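The following explanation leads the reader through one structure, from a pocket to a sheet and then to its aromatic pairs. Please keep the sequence and the 3D view at hand while reading.

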Amino acid sequence: MNYMRNRDFASDQYTYHNMGAGAGLMRGEADMYSAKSKSVLIGFFARANYNYQNRYLASVSIRHEGSSKFRANNKWGNFPAASIGWNLSNEKFMEGIQAISNLKLRAGFGVTGTIAGSEYASLSRLTSNMNFLVDGNNWLTNLKPYENANPDLR
């Protein structure tokens, strides 16, 4: 990702093709930004279904996922789920009801998870948002805390 901003261009002829032509960058009034990030996600999924006489249903599943966005001790998570169902439309007492062709009751429970939004949300980070003119010619970039580390992010 790249971001640039400048001001005080002598002409609008270059549009965005020559950001260095603006005078604001030389005076420290403009900024540029670039970033590169990388993340990895891997997951495994298993599911088993059981059907007894096409009336009673059961399902269990497990998802095992790992993400580089989390700290070393919490990179992997397990997400189990289970459900049971009853196919009412296949019961004897439902045979005479023409208006209903398929009716099932189902109840389930599962654990869900989400991945952190930022690739580096678990790490402490610094940012730079201002430059200071040191000796009339040289600019010094300041660094300041941007985010605290979250070692328990999972």
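**Pocket, sheet and aromatic pairs**

In this predicted model, the second largest pocket has a volume of about 280 Å³. Its lining comprises 17 residues, of which Phe 70, Trp 76, Gly 77, Phe 79 and Arg 154 are the closest to the pocket centre. By class, 5 of the lining residues are nonpolar, 8 are polar and 4 are charged. Strand E4 (56–67) and strand E5 (76–87) each contribute at least two residues to this lining.

Strands E4 and E5 also belong to an open sheet of 4 strands, arranged in the order E3-E4-E5-E6 with antiparallel pairing. The edges are formed by strand E3 (41–52) and strand E6 (104–110); each has a single partner strand, so one side of each lacks a neighbour in the sheet. From one strand to the next, the twist averages 10°. The antiparallel pairing of E3 with E4 extends over 12 bridges, and Phe 45 stands opposite Arg 63 in E4.

The structure also contains 3 aromatic pairs. In one of them, the ring centres of Phe 44 and Trp 76 are 6.5 Å apart and the planes meet at 15°, so the pair is stacked. Because Phe 44 lies in strand E3 and Trp 76 in strand E5, this pair ties together parts that are 32 residues apart in sequence. Phe 44 is partly exposed, at 47% relative accessible area, and Trp 76 is partly exposed at 46%.

Another pair is formed by Tyr 52 and Tyr 56, whose ring centres are 6.3 Å apart with planes at 25°, so this pair is stacked. Tyr 52 is partly exposed, with a relative accessible area of 41%, and Tyr 56 is partly exposed at 35%.

Key:
Residues are numbered from 1 along each chain as its sequence is written. This is a predicted model: local features need pLDDT of at least 70, side-chain atom pairs count only at pLDDT 80 or more; totals for chains, interfaces and linings use all residues. Side-chain values use heavy atoms; hydrogens and water are left out. On a 1 Å grid over the protein atoms alone, a cavity is a set of points where a 1.4 Å probe fits but cannot get out, and a pocket is an open set with protein on both sides within 12 Å along at least five of seven lines; lining residues have an atom within 4 Å of a point. Grid points are joined across faces, edges and corners, and a volume is the space filled by probe spheres set on the points. Ala, Val, Leu, Ile, Met, Phe, Trp, Tyr, Cys and Pro count as nonpolar, Asp, Glu, Lys and Arg as charged, and the others, Gly among them, as polar. Two strands pair if DSSP finds at least two bridges between them. Axes are lines fitted to C-alpha atoms, for helices over the stretch in contact, and angles run from 0 to 180 degrees between N-to-C directions. Rings of Phe, Tyr and Trp (its six-membered ring) pair if their centres lie within 6.5 Å; planes under 30 degrees apart count as stacked, over 60 as edge-to-face and the rest as tilted. Buried means under 20% relative accessible area, exposed over 50%, partly exposed in between (1.4 Å probe, protein chains only).
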